[in-house]
Amino acid sequence: MNQRAIESTELNKILALVANYAVLDGGKAFLLQTQPMNDVKEAKKQLKITEECVALLFTHGVAKIEYFPPFTDEIGRAKKGSALSCAEFLKIGALLRSARIARTSVVNVNDEEVISIRNLVDALYYDENLEEDIHTKILNDTEVSDYASDKLYMLRKEIRLLNERIRVRLSEYLSGSEGKYLQDGIVTMRDNRYVLPVRAEYKRNIKGFIHDRSASGATFFIEPEEVLEMNNELRSLMLDEKEEVERILGELSRRAGCIAEELITDISVLEEMDAAYARAEYAYKLSCVKPEINDKGEIFIEKGRHPLIDRKKVVPVSLALGKEYRFLLISGPNTGGKTVSLKMVGLFSLMAMCGLFVPAKRAVLSVFDEIYCDIGDAQSIEESLSTFSSHITNIIHIVNNVNEKSLVLIDELGGGTDPDEGQALAKAIISYLLKTGAAGVITTHYTSLKEFAFSASGIENACMEFDANTLQPLYVMRIGLPGSSNALGISRRLGLKESILNEALSNLSVGAQKFENIVRSAEESRIEAENALHESNRLKDEWKEKLAQLQKDQEKLQKERDKLQVSARAEARRIINERASQAEELLAEIEAIFAKQTVTEADLIQARTLKNKLGDKVFDTESEELIRPQYVLATEKDIYVGAKVYVKNINQEGVVQKTRPEKKEAEILCGNIRIRSKFSDLSIVIGEEKAQTVKGKKKLWEKNNNDAVEVRKTLIPKKSPTLEINVIGMTVHEALPDVEAFIDAAVIANLEEVRIVHGVGTGKLRAGIHDFLRGHKNVEEFRFGKYGEGETGVTIVKIK
């Protein structure tokens, strides 16, 4: 790909931005040196690698490449048998660590779509033993660890002990009678040996070996005889230490040299992976998409954003070419976005050819053998080229080399010279380019070119939209219509004198005025039509939402109706079961009386009493009536601590525990559950008749033919559903009907959560209730109570 295309489309700037996301210096260099690929298979492969890296980084949480410093000739020297330094081994250790982490992190990902990266990491080599030895034996850039070998540990231990002995002996000189001969009260070193700084006049008073003297000659550095042998021994130990360190480094160097080729491969693979991860992170940060790629010159961009323009300011552009037409002729006002759109086509194509995703909603792009650009002013004083000369020189190069595998991008074709000649030349150049089969985008202000695009095949007009009222560009492209340059309108908005504008208008040819008026009128009509369509679609969507909501409401009502029917049947079943059970008990007692061999008068009276009770049960069912309390919406004055209120959300009565007037809320205690409710959801109880089941059985005796008839009127009110049922002491057989009726009542009341108190005991009752709840269609889930709720003695049930 020619360098002019890369610089004109600013691909080099994009690659520099992508390189900022790379970790390795080699990864950055890899990206900066990336060249667009004109092989569609290779381009698809690189795009697939970028796609997999996006999934690895942002779906599977794989880490990026671990950093390691750049290498020069270290690996080559190790291969030849040279010993490496501590700093160089730390670089090799970092490389091995990076390769290990890169390979294992990808291999451990369970994703069948990650194929290309797996193939790439298969080439990575790592040696955990060598990596561990390097990091344990090398402390820093200059020091080997004491624990690198047993011998080194012992040598350094002996050196430390011997140093201490020498310092102690020399310290005796400082504090003893010899101290008066010393220049300073310190022990120093010369040639790695401990010495004393002795005054010149007393140098013969200290027996030993003179190593050096000061520049002034006033001080001699003498090694006393007593420590001479210890210094010799120290020197010997230090030489042994140096030899052992060299042996350790030599052994590590030999091991590194044996895998030199693998290490070189690791560097290459890791730099390529680092570049791929950088491409993926750039794509993620800019919300880019993977483009569909072809080699037919077909381009389709939906809501493409130029990546070098601020995302908050850029206006997405959509365009297409390569199928019905090969060239797009863009016209419109200055600063309207023509050149940016033209550059975007070339830049997106080059980005795809480099394996980069593009910032768009959707993109179909093509690979090209060459992209030819003529964008901007390339005049050259050194080469005596004017603006037009530089343009036409570039155009000559384009027409001499263009073919059907080329993309041509020309900004303001025919500009910089006489308008009539420029238009004629531009029309001829476009005609030639159309015959070559190339694809391209050309921008222009020339009216004749717009007319030519209407009649010629293979080229289509496009315009950049312009607000006729504010005379401001909208940066939106419309394909199929040419755009007006609006030079006079823009000049008027910027403040040019009206007299000049009128004279300029009169200088326009009649044909040009008519064409511009037609274009402007067509553009205004199109905008009005689009606004009307937009409003129509808005209303359509609004009504669709309303119909959908209506459908949801109907479905909800149907569900409530079904729920009520189920609950009613359950209540009827409960009442029938209860009455049948009571009747069976009474009949059993009567049968037991008449089963006796001898029936006494007392037995007959008891049987008659039981018979009357049986009749009363029938009467109870027929005369059961509901006495409901009346409710009225509560005002803020009615809601105070201790007040009895009705909470309509849960169909429960409760007692106010706390009020929050500033939030219009109150805390209500309903049974054992505290809830928070708005004032608007509360009512107060008025005219409540405290009708209860007459436990004492109100009796009305009426005498009729000396027969006593007991008439009992029992009023059983409809109670509000409770949030808790207590079945402690019951058997499983006795408790399940009550639990079933309790759940049905909770469903009718639209309660979300209720409590069943069954106690701990042997656990049989709890197990039986849990088995029942598992198969109940209205139970979503259940659990034991938490601390403070009753724990394992209570089951909390969540109603569907």
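Me: Which residues of α6 and α11 meet each other?
Reply: On the α6 side you have Ile92, Leu95, Leu96, Ser98, Ala99, Ala102 and Val106, and they meet Leu263, Asp266, Ile267, Leu270, Met273 and Tyr277 of α11. Bear in mind that this is a predicted model.

Me: How does that contact of α6 with α11 split by class?
Reply: There are 11 nonpolar residues in the contact, plus one polar and one charged.

Me: And the geometry, what angle do α6 and α11 pack at?
Reply: About 55 degrees, and the axes are 10 Å apart. Here α6 covers residues 86-107 and α11 covers residues 260-285. That angle makes α6 oblique to α11.

Me: Left-handed or right-handed crossing for α6 and α11?
Reply: The crossing of these two helices, α6 and α11, is left-handed.

Me: Now α2. At what angle does α2 pack with α11?
Reply: Helix α2, residues 11-19, packs with α11 at about 100 degrees, their axes being 8 Å apart. An angle from 65 to 115 degrees counts as roughly perpendicular, so α2 and α11 are roughly perpendicular to each other.

Me: Which residues make the contact there?
Reply: From α2 it's Ile14, Leu17 and Val18, and from α11 it's Ala278, Arg279 and Tyr282. By class, the contact of α2 with α11 has five nonpolar residues, no polar ones and one charged.

Me: Let's stay with isoleucine 14. Is it buried or exposed?
Reply: Isoleucine 14, which lies in helix α2, counts as buried because its relative accessibility is 0%.

Me: What does isoleucine 14 touch, leaving out residues up to four places away in sequence?
Reply: Isoleucine 14 touches Tyr282, Pro307, Leu308, Leu347, Met351 and Leu356. Tyr282 is also one of the α11 residues in the contact with α2.

Me: OK, and threonine 219, which strand does it lie in?
Reply: Threonine 219 lies in β4, a strand spanning residues 219-224.

Me: Buried or exposed for threonine 219?
Reply: Buried, because threonine 219 has a relative accessibility of 9% and the cut-off for buried is under 20%. Apart from residues up to four places away in sequence, threonine 219 touches Gln183, Pro197, Val198, Arg213 and Ser214.

Me: Zooming out, how many helices and strands does the protein have?
Reply: The protein has 21 helices and 26 strands. Of its 800 residues, 41% are buried.

Me: What about the accessible surface of the protein?
Reply: The accessible surface comes to about 44400 Å², and 51% of that belongs to carbon and sulfur atoms.

Me: Last one: of the contacts between residues at least 6 apart in sequence, what share joins residues at least 24 apart?
Reply: That share is 66% for this protein.

Note on methods: Residues are numbered from 1 along each chain as its sequence is written. This is a predicted model: local features need pLDDT of at least 70, side-chain atom pairs count only at pLDDT 80 or more; totals for chains, interfaces and linings use all residues. Side-chain values use heavy atoms; hydrogens and water are left out. Axes are lines fitted to C-alpha atoms, for helices over the stretch in contact, and angles run from 0 to 180 degrees between N-to-C directions. Helices (H or I, at least four residues) and strands (E, at least two) are DSSP runs, numbered from the N terminus. Angles under 35 degrees count as roughly parallel, over 145 as roughly antiparallel, 65 to 115 as roughly perpendicular and the rest as oblique. A crossing is left-handed if the near helix is turned anticlockwise from the far one by less than a right angle, and right-handed if clockwise. Contact means heavy atoms within 4.5 Å. Ala, Val, Leu, Ile, Met, Phe, Trp, Tyr, Cys and Pro count as nonpolar, Asp, Glu, Lys and Arg as charged, and the others, Gly among them, as polar. Buried means under 20% relative accessible area, exposed over 50%, partly exposed in between (1.4 Å probe, protein chains only). Accessible areas come from the Shrake-Rupley method with a 1.4 Å probe; for residues, only the protein chains shown count as cover.
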